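I opened my notebook to work through what surrounds the ligand here.

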Amino acid sequence: MKKVHNFNAGPCVLPKEAINAAIEQLKDFKGTGMSVIEVSHRSKEWDATMEEIEALWKELLNIPDGYRVLFLGGGASTQFSLVPYNFLEKKAAYLETGAWAKKALKEAEGFGEVVCVASSAETTFNYIPKDYTIPADADYFHITTNNTIYGTELHEDIDSPVPLIADMSSDIMSRPVDVSKYALIYGGAQKNVGPAGVTFVIVKEDALGKVSRYIPAMFDYRTHTKGNSMFNTPPVFSILVMLETLKWVKNLGGLKVVQKMNQEKAALLYNEIDRNPLFVGTAAKEDRSLMNVCFVMAEEHKDKEASFMEFAKERGMVGIKGHRSVGGFRASIYNACPRESVQALVDCMQEFEKMHK
Ligand SMILES: *Cc1c(COP(=O)(O)O)cnc(C)c1O
């Protein structure tokens, strides 16, 4: 198989161990003589998998009692509407830190009054606003902890006077999280915890049932807490790969270990960006994401952008083109991105610098 360094933003690199374990179960699931995509989701074997995956989420994130973890379809984008559907009675507050945050906010506007407490839109979302007030009468406050497109990240769990809801699509399982500070955490799996097709929702059960509107069954979180995420047929294969990905995280030693690995990988790349006169980081230093590293060519080297892209591509780098709304480069270095890949990119940047001295 061709050797590449995968920096895709999502879907993205997953642990080889997880992919290989999933392949085995794609052939024969738990000795049933059937593939995991052939067994009944009502079978005892599948039931055990659902129990195992929820328990593993709770263990890894140290999720307190009173919370459930759901595995649903529709991606994080569906949660943009399910959150206001289930939580917005009168007013919601949003922090606008990027295109995803903006989409979430826009969906909420269809359900009630929405207050944007702060936005960094005027500087292409290159930082996370910190000076804002959360209205005390809001039904909830919505944040996006990692802004995948711009490479900014909230490194700590904030305090909120109202129920806190977070889109953690692109940094879940990259660090320990104080789940008790949140009413709900959601995200698409395809950045850090598995393949596309499954969406995780961590929800505090007693935060539900506070709105007066009718909620269709499939859009009501209580349907899925009651049905153990099997009110309808769950995305079995995506869930299985997610389980294997979480087992890999556990085998590494859990989230403290993973966080340290992520800090080291990110430092390796950011140090090179700061040292190398050809490149400039685009995100405010204190908000730099450990997951998505965004950078551009320095002003006087702008003409070399295409040439560096080609140079890196020839050396096996995949997916380093910045999002079309930002330009430049973005290296997504999620949990499963090996340190060797980050080192290979750094080597590339150094070689390119030498060629242009
Ligand atoms: C990728 C991403 C999304 C969109 O996820 P889908 O599962 O494709 O709907 C939402 N929010 C953030 C922060 C993302 O990175």
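This is a predicted model: local features need pLDDT of at least 70, side-chain atom pairs count only at pLDDT 80 or more; totals for chains, interfaces and linings use all residues.

**Notebook: the ligand and its surroundings**

I began with Lys191: one of its polar side-chain atoms is 2.6 Å from an oxygen atom of the ligand.

Next I checked two other side chains. For Thr148, I found a polar side-chain atom 2.4 Å from an oxygen atom of the ligand. For Gln190, a side-chain N or O atom is 2.9 Å from an oxygen atom of the ligand.

How many residues surround the ligand? I got 14, and the closest are Ser77, Thr148, Asp167, Gln190 and Lys191. I sorted the shell by type as well: nine residues are polar, three are nonpolar and two are charged.

Which helix gives the most to this shell? Helix 3, residues 75-87, does, with four residues.

**Follow-up: Arg68**

I found Arg68 in strand 2, which runs over residues 67-72. Is Arg68 buried or exposed? Its relative accessible area is 13%, and buried means under 20%, so Arg68 counts as buried. I also looked for a partner: the side chains of Arg68 and Glu54 are joined by a polar contact of 2.8 Å.

How values were computed:
Residues are numbered from 1 along each chain as its sequence is written. Side-chain values use heavy atoms; hydrogens and water are left out. A residue is near a molecule or strand if one of its heavy atoms lies within 4 Å of it. A polar contact is a pair of N or O atoms within 3.5 Å; within protein, one must be able to donate a hydrogen and the other to accept it, and residues adjacent in sequence count only if both atoms are side-chain atoms. Helices (H or I, at least four residues) and strands (E, at least two) are DSSP runs, numbered from the N terminus. Ala, Val, Leu, Ile, Met, Phe, Trp, Tyr, Cys and Pro count as nonpolar, Asp, Glu, Lys and Arg as charged, and the others, Gly among them, as polar. Buried means under 20% relative accessible area, exposed over 50%, partly exposed in between (1.4 Å probe, protein chains only).
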